[in-house]
Amino acid sequence: MTPKGAATRARIVDAANQLMYERGVAATTLADVRAASATSKSQVYQHFADKDALVKEVIESRAEDVLTQQRRRLQRVESLRGFELWRDELVERNALRNGAYGCPLGSLANEIADHNEDARRAIATHFDEWLEMLIDAVERLKTRGVLRSDADSRALASGLLSALQGGYLLAKASRDVYPMRAALDMAIAQLRAYATETDSSV
């Protein structure tokens, strides 16, 4: 692919990503994408056989953005305070739009997982990656002696991710990030229940 072709493809994906995030996948047409990306019908079909192919690329683009941010933040978690800072960053970013649109990855799952099996599997794979990052962060606290050795890292990490996704959904419905913060507070409280005596206030 030529540099010009790659730039055109990226412009199409970026436009589709933004439109599908704001309007939803079903409400976004290829004509909408062409208009937003200033491309022709032939240019779009040169890169994508159909809308499903474009949706697949949008999933990968969103996953890369979300997981890169999460990896950077979660790799810095070395205490329970680190998880609180992780929570704060997510809630504050969502508050900028009053909870609208929800999680970039979770919103795709909500809309298309029941209707597009290939898309569902792709999204599930990316959520598994996210879960593994959280498991690694919990394991790090166990290694550092912040959490007891009997803490179930997978269960605690699953609780954090589930609280986050449920919080995103309720914040979207209410246009208020309070449910998101409350859900994450409860999940972090469950982590704190496994804090060692010497580190219970960390």
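**Charges, fold and pocket**

Modeller: Start with charge. The protein chain carries 28 positive and 29 negative side chains, and the centres of the two sets lie 5 Å apart. Keep in mind that this is a predicted model.

Biologist: What makes a side chain positive or negative in that count?

Modeller: Lys and Arg count as positive, Asp and Glu as negative.

Biologist: What does the secondary structure of the protein chain come to?

Modeller: Nine helices and zero strands. From the N terminus on, the elements run α-α-α-α-α-α-α-α-α. The C-alpha trace spans about 65 × 35 × 30 Å along its principal axes.

Biologist: Why is Arg73 called buried?

Modeller: Its relative accessible area is 14%. Buried means under 20%. Arg73 falls under that cut-off, so Arg73 is buried. Arg73 sits in helix H4. Leaving out residues up to four places away in sequence, Arg73 touches Leu85, Trp86 and Glu89.

Biologist: How much of the protein chain is buried?

Modeller: Buried residues make up 45% of its 202 residues. The chain exposes about 10,400 Å², and carbon and sulfur atoms supply 50% of that area.

Biologist: Why is Asn98 called partly exposed?

Modeller: Asn98 has 48% relative accessibility. Exposed means over 50% and buried under 20%. The value for Asn98 lies in between, so the label is partly exposed. Asn98 belongs to the loop between H5 and helix H6 (104-112). Its phi is near 55°, a positive value in a residue other than glycine.

Biologist: And Tyr101, why is that residue partly exposed?

Modeller: The reasoning runs along the cut-offs again. Tyr101 has a relative accessible area of 31%. That value is between 20% and 50%, so Tyr101 is partly exposed. Tyr101 also lies in the loop between H5 and H6. Phi of Tyr101 is near 80°, again positive in a residue other than glycine.

Biologist: How much space lies in the largest pocket, and which residues are closest to its centre?

Modeller: About 350 Å³ of space lies there. Its lining has 17 residues, and Tyr21, Asp65, Val66, Gln69 and Pro104 are the closest to its centre. Helix H1 (3-23), helix H4 (51-74) and helix H5 (80-95) each give two or more residues to the lining.

Biologist: Which element gives the largest share of that lining?

Modeller: H4 does, with five residues.

Definitions and conventions. Residues are numbered from 1 along each chain as its sequence is written. This is a predicted model: local features need pLDDT of at least 70, side-chain atom pairs count only at pLDDT 80 or more; totals for chains, interfaces and linings use all residues. Side-chain values use heavy atoms; hydrogens and water are left out. Helices (H or I, at least four residues) and strands (E, at least two) are DSSP runs, numbered from the N terminus. Buried means under 20% relative accessible area, exposed over 50%, partly exposed in between (1.4 Å probe, protein chains only). Accessible areas come from the Shrake-Rupley method with a 1.4 Å probe; for residues, only the protein chains shown count as cover. The place of a charge is taken as NZ of Lys, CZ of Arg, CG of Asp or CD of Glu. On a 1 Å grid over the protein atoms alone, a cavity is a set of points where a 1.4 Å probe fits but cannot get out, and a pocket is an open set with protein on both sides within 12 Å along at least five of seven lines; lining residues have an atom within 4 Å of a point. Grid points are joined across faces, edges and corners, and a volume is the space filled by probe spheres set on the points. Contact means heavy atoms within 4.5 Å.
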